[in-house]
Amino acid sequence: MTGDPPPRPAERFDEVFDVYFAEIHRYAAKRLGPDAAADVAAQTFLEAFRQRRRYDPERAHVRTWLYGIATKVVGRHKRAETRALRTRARLGPGRSSEEHTERVDSRVSAEGLRGELAGAIAALPRGQRDVLLLVALADLSHDEVAAALGISYGTVGSRLNRARTTLRKALGGTNPMLTLEEQHG
Amino acid sequence: MDEVRMVRDRYPEPAPPTAQEIARAKALLNEAPRRSLPRLRWGLGGVVAAGAAATLAFTLVGGNTSGGGNPAPLRTVNLDAKGAILAAAEKAEQQPIGKYWYVDHLDGQSYIMRPKTGTYAITGATSESFSWYGAKPGMGEAYYGRDLPAHPLTARDAALWRKAGSPSSFRVWSGDKYLTFTTKATKWSANGPERGTDPRGGGDFMGKSAKELQNLPTSPDELAKMFLSETEMKRAMGHLPNPRAELEQRFRQAEPYSDIMRVASLLGRAPVPPKVRAGLMRALASQPGIHAIGRGTDPLDRQGVALASDDRATTVTGEFGGPKVDQGTYRSRAVVIFDERTGALLSRQEELTKPGGRYAEMKPGFIIEYQAVRSTNWTDTKPTPPAELPFD
């Protein structure tokens with residue numbers, strides 16, 4: 001983030017859109033794939049626009065506020081997300097994308113999210129998944145996640161810990177980073 | 001190991017949004033003010049509210065509630081330049097400007113309840129707004145609002161409501177969440193969003209002074225040019241000066257709706273003389289996509305003449321959740337009802353033309369949502385909101 005003050009949603013919504021649309025779209029695309037991303041991003045900004053007068057700069061940065069709204073909108077697509085993750089899980093880590101012509105596969109790059117990891121994320125309770133992905137994909141701090149989701153700082157920490165533990169167990173306690181890198185290396 | 005880093009690294013990097021996706025998202029925003037237009041425009045900053053009685057039966061505009069298709073008009077009302085229907089309004093005396101202009105409005109939204117004992121409709125999200133404006137700047141203005149009791153829509157609905165045990169609260173799906181409405185009214189309040197008082201306000205009626213409104217032309221053509229021309233409509237709707245082609249198209253599709261809203265706002269809020277009202281009604285009747293549909297009864301059971309827009313389809317998907325039974329397509333149109341003697345606006349409502357989706361069990365003419373004018377007038381004493389409810 002730069003030192004410039006963020007645009008204020010109530011007066012300068014066009015700027016808010018221009019500054020953050022691509023980023024929110026990216027977050028939505030990562031969670032739901034490209035087809036739903038455009039809808040989710042558009043819906044996020046529409047809801048933000050409607051709530052713009054209620055936005056409180058004391059409580060959260062505009063960016064945090066938008067991620068909070070986007071996460072709620074993504075939540076309405078929960079099934080789409082778990083479906084996409086499960087499809088990726090089924091594809092498994094060892095098959096190359098050329099072998100697959102399904103849409104879901106075409107959106108997953110060679111380095112894509114596959115196998116056990118995708119399955120484990122899909123199996124996380126929604127609250128844990130939201131926290132994990134806001135930290136991992138949106139680079140929000142614990143404070144920011146708390147503000148975005150309207151939960152306490154402590155809850156952010158405990159959900160993240162539980163999500164990490166679940167992932168670690170699901171991946172057999174090995175170092176999947178290494179394993180995956182080796183496969184693609 | 002760091003699972004967070006692993007997740008971050010393993011999510012594929014998606015393609016950035018296309019120009020078309022960005023344009024579409026922006027177009028939605030440009031449409032957003034229009035969606036809340038009923039409140040914004042006709043509200044003039046006041047809370048717009050609603051209500052109809054538990055015992056109040058809607059006589060539907062057009063009257064024909066059997067079978068599909070559009071309700072057939074009871075009688076054709078000629079609103080063209082030669083039509084005599086507005087003769088009374090045209091002869092009505094112009095009221096002198098008083099010290100305060102007050103406006104008392106209601107609004108309501110219909111919801112379908114589906115207990116095992118039988119499906120019925122209620123009016124929920126219903127409220128009343130009362131506002132007054134000093135005739136001249138500096139005389140002040142004030143906005144009050146109160147929530148009105150949720151209630152069964154018609155006598156038939158009331159019977160089914162009693163059969164269901166006369167519940168005093170109603171949990172309904174509203175767009176993307178559940179809301180609960182109760183059968184209790186709240187007290188008048190001047191606090192909260194879109195409410196309050198401004199001691200320095202007054203004298204501004206939709207951008208015109210009371211005197212300017214009195215001196216408006218009475219010819220439909222001139223009024224149409226003044227209020228319903230494309231440029232004027234876009235300005236009033238808060239549109240971009242150079243919208244993209246896609247927006248242009250949406251704008252044109254929504255035009256009859258916007259025209260109705262604009263005239264309803266003018267007539268519902270502003271102290272416009274009877275002759276100008278008659279001229280505005282004729283101007284509206286001559287717009288493309290607007291039809292005179294006959295005599296009708298408004299949500300407060302008052303008789304008048306009605307104009308309607310072409311109908312349009314609304315499709316509810318499960319995208320934002322909600323009961324499955326809500327999904328599907330229905331068609332509806334915008335309707336305005338005027339008091340033909342004075343040209344005064346009685347109500348504006350969205351009316352079902354082809355049942356489907358969440359309104360599959362309703363009949364054509366069913367009122368989906370409405371705004372109604374309870375009363376509006378000049379007075380020399382500072383107005384206060386009425387204590388009594390607009391319905392029993």
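Is B:Ser166 buried or exposed, and how many other C-beta atoms lie within 10 Å? B:Ser166 is exposed, with 11 other C-beta atoms within 10 Å, where exposed stands for 12 or fewer such atoms, buried for 20 or more and partly exposed for anything in between, with C-beta atoms placed from the backbone.

The model is predicted, so local features need pLDDT of at least 70 and side-chain atom pairs count only at pLDDT 80 or more, whereas totals for chains, interfaces and linings use all residues. Residues are numbered from 1 along each chain as its sequence is written, and chains are lettered from A and ligands numbered from 1 in the order in which they are written.

**View 1. Helix 5 of chain B and the residues that follow.** Helix 5 of chain B spans residues 155–163 and has B:Asp157, B:Ala158 and B:Trp161 as buried residues; helices (H or I, at least four residues) and strands (E, at least two) are DSSP runs, numbered from the N terminus. Just after helix 5 of chain B, B:Gly165 takes a positive phi of about 95 degrees. B:Ser166, in the loop between helix 5 and strand 5 (169–174) of chain B, has a phi near 45 degrees, a positive value in a residue other than glycine.

**View 2. B:Ala125 in strand 2 of chain B.** B:Ala125 is found in strand 2 of chain B, and its phi is near 45 degrees, again a positive value in a residue other than glycine. B:Ala125 counts as buried because it has 20 C-beta neighbours inside 10 Å.

**View 3. B:Leu216 in a loop of chain B.** The loop between helix 6 (210–214) and helix 7 (220–228) of chain B holds B:Leu216, which counts as buried with 21 C-beta neighbours inside 10 Å. Leaving aside neighbours within four places in sequence, B:Leu216 is in contact with B:Val272 and B:Val276, contact being a pair of residues whose C-beta atoms, placed from the backbone, lie within 7 Å. The C-alpha atoms of B:Leu216 and B:Lys275 are separated by 9.4 Å, although these residues are 59 residues apart along the chain.

**View 4. Helix 2 of chain A against helix 3 of chain A.** Helix 2 (residues 34–50) of chain A has buried residues including A:Val40, A:Gln43, A:Thr44 and A:Ala48. Helix 2 and helix 3 of chain A pack at an angle of about 125 degrees, with their axes 9 Å apart; axes are lines fitted to C-alpha atoms, for helices over the stretch in contact, and angles run from 0 to 180 degrees between N-to-C directions. The two helices are therefore oblique to each other, as angles under 35 degrees count as roughly parallel, over 145 as roughly antiparallel, 65 to 115 as roughly perpendicular and the rest as oblique. Residues making the contact include A:Val40 and A:Glu47 of helix 2 of chain A and A:Leu66 and A:Val73 of helix 3 of chain A.

**View 5. Helix 3 of chain A against helix 8 of chain A.** The axes of helix 3 (residues 62–76) and helix 8 (residues 142–149) of chain A come within 8 Å and cross at roughly 55 degrees, which makes helix 3 of chain A oblique to helix 8 of chain A. A:Thr64, A:Tyr67, A:Gly68 and A:Thr71 in helix 3 of chain A meet A:Glu144, A:Ala147, A:Ala148 and A:Leu149 in helix 8 of chain A.

Note on methods. Two residues are in contact if their C-beta atoms, placed from the backbone, lie within 7 Å.
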